[in-house]
Amino acid sequence: MRYSERELLSLSPLLNALFFAVLKKRLVKLVVNFLFYFRTDEAEPIGALLLEHCKITREEENVFSISFIEEPDRKYFFECDTEEQCQEWIEALRRASYEFMRRSLIFYRNEIQKMTGKDPLEQYGISEEARFQLGTRKL
Amino acid sequence: MKLNERSLAFYATCDSPGNMLFYFEERESREPVGVIILEGCTVELCEAAEDFTFAIKFDCTKSRTYVLAAESQAAMESWVKSLSRASFDYLRLVVKELEKQLEEMQSGLAGSRSIQRRSPIYRKTKSALCLDTMAPALELVKPPPLPPRRRASSGNTCGPGALVADSPVCPGTVCFSKLHDWYGREITELRREWLESQESHKL
């Protein structure tokens, strides 16, 4: 059923929270930088979230949310079975982005270069690869 | 299948490509026409070898093969190289390798001193990590050397053999706020000493 979602949500932030309080049981699967979600009895996902430029926030107990930079007020809520599970997911999701992995690479590359004086990417022939350069991009 | 398309479109406007190939109608177009997710694919030269074409192929059933053409031999080769290395999996592989190298180097340095083994940054850990998506972990690299003033008998709670200037051992912490507090202890102490000296000057 369609509804004037945006208009309704703008009425009050409290109302925003109320809407997202209706949680549906889903299976979620993290694959590279995508979070797929499934109905519990279906093999194909209903949808996926690309996990780039997103913020993972600890909400109340067992609950975390995902929001995106370009739409910070729109949150996707997830409720876990246990607090431990919640923590695991938060950590996993925070490291799930390509960006995070890329920065790790640059970080390690730098550290190894500092220690050895050599660029560790040379052996793989990828020293000149644009995406692995430090400071070439703006956020 | 639903996708957070708005986020995807926003991601397309950023400089860093990630594991996606966005395609646009015009050079000046704001929003991409579409995106190819470069995961689980191979990038090959086309047999036809006409007009500098190459293809992106996927392993799954009923998948499309995407054929692209570059404007020169050099451009084509550059694209093929870049696209083959664009996947998240590839990046993860390289990071694992570098991490292994760094670990080996660091354990080599430490010799017989016990170094806290820290879990790799890209694996899930059970302990609380206070990082957001923006910062790589501090864990695997030894912290900066202690300033020379630190005395061996300062009674801090570091591990054994920890109080040598060139290789301080972090307390068993994987939490940035704890790390921050640990380094802050010396500052707090210095501040207290300074305040006391100010008091005694006044008197």
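What average pLDDT does chain B have, and what share of the residues score at least 70? Chain B averages 72, and 61% of the residues reach that score; pLDDT is the predictor's confidence in each residue, from 0 to 100.

This is a predicted model, in which local features need pLDDT of at least 70 and side-chain atom pairs count only at pLDDT 80 or more, while totals for chains, interfaces and linings use all residues. Residues are numbered from 1 along each chain as its sequence is written, chains are lettered from A and ligands numbered from 1 in the order in which they are written, and side-chain values use heavy atoms, with hydrogens and water left out.

**View 1. Confidence along chain B.** Helix H2 (residues 73-84) of chain B has the highest mean, 93, and helix H4 (residues 176-202) of chain B the lowest, 72; helices (H or I, at least four residues) and strands (E, at least two) are DSSP runs, numbered from the N terminus. Residues 115-140 of chain B have a pLDDT below 50, and this stretch makes 69 contacts beyond near neighbours in sequence, a contact being heavy atoms within 4.5 Å. For the complex, the predictor gives an ipTM of 0.78 and a pTM of 0.65.

**View 2. The largest nonpolar core.** A nonpolar core is a set of buried Ala, Val, Leu, Ile, Met, Phe, Trp, Tyr and Cys residues joined through side-chain atoms within 4.5 Å; buried means under 20% relative accessible area, exposed over 50%, and partly exposed in between (1.4 Å probe, protein chains only). The largest core has 24 residues, and Leu105(A), Leu121(A), Met20(B), Leu91(B) and Leu98(B) touch the most other members. At least two residues each come from strand E3 (47-50) and helix H4 (98-116) of chain A, and from helix H1 (5-12), strand E2 (20-23) and helix H3 (88-110) of chain B. Another core, of 16 residues, lies apart from it and includes Leu35(A) and Cys86(A).

**View 3. Surroundings of Leu91(B).** Beyond its neighbours within four places in sequence, Leu91(B) contacts Tyr98(A), Met101(A), Arg102(A), Leu105(A) and Phe132(A).

**View 4. Helix H4 of chain A and its end.** H4(A) has 19 residues and spans 27 Å from first to last C-alpha, close to the expected 27 Å, which is 1.5 Å times one less than its number of residues. Gly117(A) follows H4(A) and has a positive phi, near 75°.

**View 5. Gln85(A) in helix H3 of chain A.** Gln85(A) belongs to helix H3 (residues 83-94) of chain A. Its relative accessible area is 31%, so Gln85(A) is partly exposed.
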